[in-house]
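Good morning, and thank you for coming. Please look at the sequence and the structure as I show them, and keep them in view while I speak.

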Amino acid sequence: MFIADLHIHSRFSRATSPTCEPVRLDYWARRKGLQLIASGDFTHEAYREELRDKLQPEGNGFYLLREEQRIADAGLAGEESPPRFIISGEISSIYKHNGRVRKIHNVILLPSIEAAAAVSQKLVALGCNLRADGRPIIGLPARDLLELTLDACAEAIFIPAHIWTPHFSLFGAYSGYDSLEECFGDLSGEIHALETGLSSDPGMNRRLSQLDNYALISNSDAHSPGNLAREATLFDCELSYAALYRALQTSGNPGLHGTIEFFPEEGKYHWDGHRNCHYSCAPTQTKAQKGLCPVCGGRLIVGVLHRVEELADREEDQAVQPRPYQRLIPLPEVIAACLQMRPAAKKVQRIYEKMLLDLGPELRILREIKLSEIEATASPLIAAGISRLREGRVQLAPGFDGEYGKISLFTPEELDELSGQTTLFANCGYAEKDAAVAADSPALAADGMTNTANAAAMAEQSYPYGLNQPQWQAVSATEREVAVVAGPGSGKTRTLICRIIQLLEQGVAPERIMAVTFTHKAAGELQGRLAAHFPGSPLPHALKVGTFHALAWQLLRQSGMELTLIDEYCARLLAAEAIEEQGLSLSPASFLKKFSRIKNHFVKPLSSAAGPEGEVAAPAEAELEIPQRLIDRYQGKLAEYQAADYDDLLLRAYELAEQQPDLLSGVHLLVDEFQDINPLQLRLVEAWGDKAASLFVIGDPNQSIYGFRGADAACFQRFLALHPRARRITLDENYRSAAQILACAQPLLGATQARLRARRQSPVPVRLIEAQDALGEGIAIANEIDRLIGGVDMVRAHRGKAGAAPRDLRGLSEIAVLYRTHAQAEQIGHCLSVAGIPYTVAGRENFLSDEQLRLCLSFFRALLDDGDQLSRRLAVRGLGEEQYRRLAAEFTPRVRKEKTAALVERWMEINYLDGHPALEKLRQAGLVCPSLPELLRRLLSGQEGDLSRSGGRDYAPEAVSLMTLHGAKGLEFPVVLIAGLKEGLIPLRAPGLGSDPEEEKRLLYVGMTRAEDELILLSRPERSSLLSLIPQNLLKIEQARPRLRARQLSLFDAEGKEENTRLK
């Protein structure tokens, strides 16, 4: 007999733990008591390589973790044989069939890594993107995916996953089918096994006669190693792929013994309900209410039990007797339920570790170990809890609408009565119960029915959503105007999101909420986190969320105004033409910069009652003197093309708000990163918020770093002057950076600034590494990253953190390198490439000004927007009319269907531009953003944090991040390296560039507070004056290691270009 978990995920899947990798999976499988475990995510090329590296074939279709990779577990009783791995993966198919959109997840089991590569290659040949996620989303129907899989590997086992999940499954209420035959058609006979999912059990499934001939299995679908075996399947056969195939794929399923189940009520989708209304009900009640929520009147989210009853053709008492199954709860949850604590509580974890040490693996404790032994090791109360679990005497509050159900082993009254009365359990009849367990083990009870009752509410935290007091004050503030000053790591984004959640849960319609973010990326992340809170709900997508420019564009279009938004390069071209026509000698960049400052500093006062604090000083006339005729000609050229530059977009939005003052009446307006807005944006906020239901601004004046764009650190004072009754709240607890990092960063702000309170500690000091020059700095960065990750090859692994525990090493994506200017990225990236370290570069780089790249972008913009006559003109000017028409004929059918990288590759090929540096960088950006319209949108109106490209590797959940200090705003990383702390660079002093010393201090402060655990500063002989502001006793100062030997050093000079290319 062996226990198997055949459906899990690796760290390459979204929303998974970084510890989901073979070493930790092997470790936790032993602790859980599993003998066979799925590898997960075979479609991801990088993970397949990792599997090849860490697993060795056993010769029977299964794999073992290599002995040198295995973590010894001295905290587990007994000698557990190592678990076997089976190659597995889950694929999400989203497609339209029979007039409905279908979303079906399927698990595929394979006999070898080579078979996995064969299946993956077939999918790649169809254009499927397998690099973005370990569980890829493809547009291939489930039936066609089955056919392709069997064509690549006839021995594959194809299993529809969690078949009742409402939104992503075979029988899902919202995206599935009513029968297996409807889904798989002529290949239905190739399906022999089904995964029931957490919210159903075999007894429920056996109410459907159409499922009688299928093997029903259960798996954890774990996204972290600690969740392994929360459901599992028992086999009574040889431990080999051939025997497993027979058990699942042949008639009668010889060797399939039974399953270990969640209590289905504990699953997230068991009952019907509305999570945001805090309402749930049984299917019978849903039907009585005609499917409507009594709280909000909307349609209830239908759960698994409801869907089962819809398709069932048998009553519960008529269902075919299923194979034996047993319902269990993870051991930490059992202990926590007995102690009235959270499973993550230290005391719970101590008891859990002691039980494993004394009694053995978790499943054995829950199923087989004598209760008297459990009492002796843990406590009488915990032994009584496990006894009740085995007997099915639990109380359950069913899960619904994405919210897990709640489970109790004792009622609150029982726990209150029994508190401290350990002798009460002294005569519980354990001898008889132990004898019964011994007689039945390892068989399972044939009936897993439980008594269902409402569970006791879990102890709530002091404030809703797990917030601290100031955060909750900000979320729940009822004043019309609220200004929140949120220092770095103080939970700013969480507070903003919870404010929106609070509004939605109070019944505010989502279309009456408008949130302004600084970047498109931030807007996407905000909506993503809201979607996670309201899974499957359309609410997050109905909100108005975006940048100032995106929302302004949206409002203008809604008002009937059609505009073509041009980027800075098109604006420069039109400015050059206008300057030439007017016979002036002025650079286009200089003209646009001055004109932008005029637009963004708007001359009309905000309010006659605002007083000096509310006024914004306009630029001096002498400084920004521009001939009016040049302004008129430039604006006339924009009008010719029905185009607008970035500043015009906001000006027109402001004019619209002035003309239609009720435009956003009753809307709840929230503004993120308030410290970074310029005077025009402040006026726009005032105009939008004039008749809004509420106005909520959040940010940090100490992180105001966009003065060159007109941002003003005094914006909060201006806001409070304009709104004297506004409530001001400060978030001053830092949950991100270790205390020593804050201690080094905060002196940059001066002694008068309020200090953040650190909530975290780290044993690693802040280090300052002094290098001789930029190359030495780049090599030092490569060496440090190599050390952090434990070496990228065997030689450097021994030289670096040899023998370090896995928990001491860092993943590539946990590391960021920050710098002041984009020019620094080239040298740093070159050194990382030579060292074989994958990296991504974020930000708007100089390659965007390349002439061939501009031509490419203009061509594709013209194809995607017939109204963009300026882009068409630029494309025709560069290509010629005949070539333009020929290329348009080829690309028009493909431009909205194919991936960005493929389109750019074809453009380079057809125009004989293979290897063109700027176009190659555009192709790399396309690997990160495969949608061409989306990439063009980011390039057009994105801030620096919206853009990224891959650096020499095509896949990158694991890659070091390279970005400017400005681009790092809003991000956080466990480890941060800041390069170029030399005078003239940080603080920046360059000809023709103004520099605000105070803003340069704030900029370095922002960079330093991106670090969570470890901060490394790099300087050169001309040390930055800002370093003198940091207490020297807090810095560990080191010299960079000497340059590498001649053979290695050649890789870093001009003569090493060929070797560098090979390594990349």
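This is a predicted model: local features need pLDDT of at least 70, side-chain atom pairs count only at pLDDT 80 or more; totals for chains, interfaces and linings use all residues.

In which sense do E1 and strand E2 pair? E1 and E2 (residues 36–38) pair in the parallel sense, over two bridges. Strands here are DSSP runs marked E of at least two residues, helices are runs marked H or I of at least four, and both are numbered from the N terminus. Two strands count as paired if DSSP finds at least two bridges between them.

Residues are numbered from 1 along each chain as its sequence is written, and side-chain values use heavy atoms, leaving out hydrogens and water.

In E2, Leu-36 is the bridge partner of Ala-4. Between E1 and E2 the chain passes through helix H1 (residues 22–32), and this β-α-β crossover is right-handed. The term means that, with the strands pointing away from the viewer, the path from the first strand over the helix to the second runs clockwise. E1 (residues 2–5) also has an antiparallel partner, strand E11 (residues 232–235), joined to E1 by three bridges. There, Phe-2 stands opposite Phe-235. From E1, Phe-2 and Ala-4 point one way, Ile-3 and Asp-5 the other, and all are buried. Buried means under 20% relative accessible area, exposed means over 50%, and partly exposed lies in between, with a 1.4 Å probe and protein chains only.

Now consider the protein as a whole. It has 41 helices and 35 strands, and buried residues make up 57% of its 1064 residues. Of the contacts (heavy atoms within 4.5 Å) between residues at least 6 apart in sequence, 75% join residues at least 24 apart.

My next topic is an open sheet. Its six strands follow the order E20-E19-E23-E24-E18-E25, with parallel pairing. Strand E20 (544–547) and strand E25 (727–731) are the edge strands, each pairing on one side only. Direction ignored, neighbouring strands of this sheet are turned by 15° against each other on average. Axes are lines fitted to C-alpha atoms, for helices over the stretch in contact, and angles run from 0 to 180 degrees between N-to-C directions. Five bridges connect strand E18 (residues 481–486) with E25 in the parallel sense, and Val-484 stands opposite Ile-729 in E25.

Helices also pack on this sheet. Helix H17 (residues 469–476) touches E18, strand E24 (694–699) and E25, and its direction makes about 145° with that of E25. Helix H19 (residues 520–533) touches strand E19 (513–517) and E20, and its direction makes about 155° with that of E20.

Finally, I turn to one residue. Is Glu-1014 buried or exposed? Glu-1014, in strand E34 (residues 1011–1019), counts as buried because its relative accessibility is 7%.
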